[in-house]
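This report is written for a reader who is meeting the structure for the first time.

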Amino acid sequence: SIARTLVPVLLRMDRPPQATPDLLTLATTTAAAIGSRADLPEVTTLAARPARTRLTVEATRLARTLAG
C-alpha cells in the first residue's frame, strides 16, 4: 500500500516534497476505506511533533487511522 512503502521513504528525507501532505491525505483515505492497520514509526514520530503544520496534521490523521 502507499502508506507502507512510499510514505516512510518520503518522511525520512531531510525535506519531504511539497506534495507529501496530499499523499498522506490519500493514504489516510485509502487506509480508512480498506480498514488497513499498521505501525509506521516515521508517521508516528512526525505526528508527535509539537509544530502544527499541514504535514504534521496529516501525519496525525494517518497515524490515528492506521492505529484503528
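A residue is called buried when its relative accessible area is under 20%, exposed when that area is over 50%, and partly exposed in between, as found with a 1.4 Å probe on protein chains only. The model is a predicted one, in which local features need pLDDT of at least 70 and side-chain atom pairs count only at pLDDT 80 or more, while totals for chains, interfaces and linings use all residues. Residues are numbered from 1 along each chain as its sequence is written, and side-chain values use heavy atoms, with hydrogens and water left out.

**Charged pairs**

Side chains of opposite charge can pair when their charged atoms come close. A salt bridge is taken here as a side-chain nitrogen of Lys or Arg within 4 Å of a carboxyl oxygen of Asp or Glu, and a search of the whole structure finds three of them.

| Salt bridge | Closest N to O distance |
|---|---|
| Glu 42 and Arg 12 | 3.1 Å |
| Asp 22 and Arg 54 | 2.8 Å |

The helices named below are DSSP runs of H or I with at least four residues, numbered from the N terminus. In the salt bridge between Glu 42 and Arg 12, Glu 42 belongs to helix α3 and Arg 12 to the loop between α1 and α2, so the pair ties together parts that are 30 residues apart in sequence. Arg 12 counts as exposed, at 55% relative accessibility.

The salt bridge of Asp 22 with Arg 54 likewise links distant parts of the chain, with Asp 22 in helix α2 and Arg 54 in helix α4, 32 residues apart. Asp 22 is partly exposed at 43% relative accessibility, and Arg 54 is partly exposed at 44%.

Glu 58 is buried at 10% relative accessibility, whereas Arg 61, at 35%, is partly exposed.

Helix α4 has 14 residues and reaches 20 Å from its first C-alpha to its last, close to the 20 Å expected at 1.5 Å a residue, where the expected span is 1.5 Å times one less than the number of residues. Its buried residues include Leu 55, Ala 59, Leu 62 and Leu 66, together with Thr 56, Thr 60 and Thr 65. After α4 comes Gly 68, whose phi is positive, near 85°.

The axes of α2 and α4, which are lines fitted to C-alpha atoms over the stretch in contact, with angles from 0 to 180 degrees between N-to-C directions, come within 9 Å and cross at roughly 15°. The two helices are therefore roughly parallel to each other, a term for angles under 35 degrees.

Arg 64 lies in helix α4 and counts as exposed at 57% relative accessibility. Thr 28, in helix α2, is buried at 4%. The C-alpha atoms of Arg 64 and Thr 28 are separated by 9.0 Å, although the residues are 36 apart along the chain.

**The nonpolar core**

A nonpolar core is a set of buried Ala, Val, Leu, Ile, Met, Phe, Trp, Tyr and Cys residues joined through side-chain atoms within 4.5 Å. The largest such core has 16 residues, and those touching the most other members are Val 7, Leu 11, Leu 24, Val 43, Ala 59, Leu 62 and Leu 66. At least two residues of this core come from each of α1 (2-11), α2 (20-34), α3 (41-47) and α4 (54-67).

Conventions: Parallel < 35°, antiparallel > 145°, perpendicular 65-115°, else oblique.
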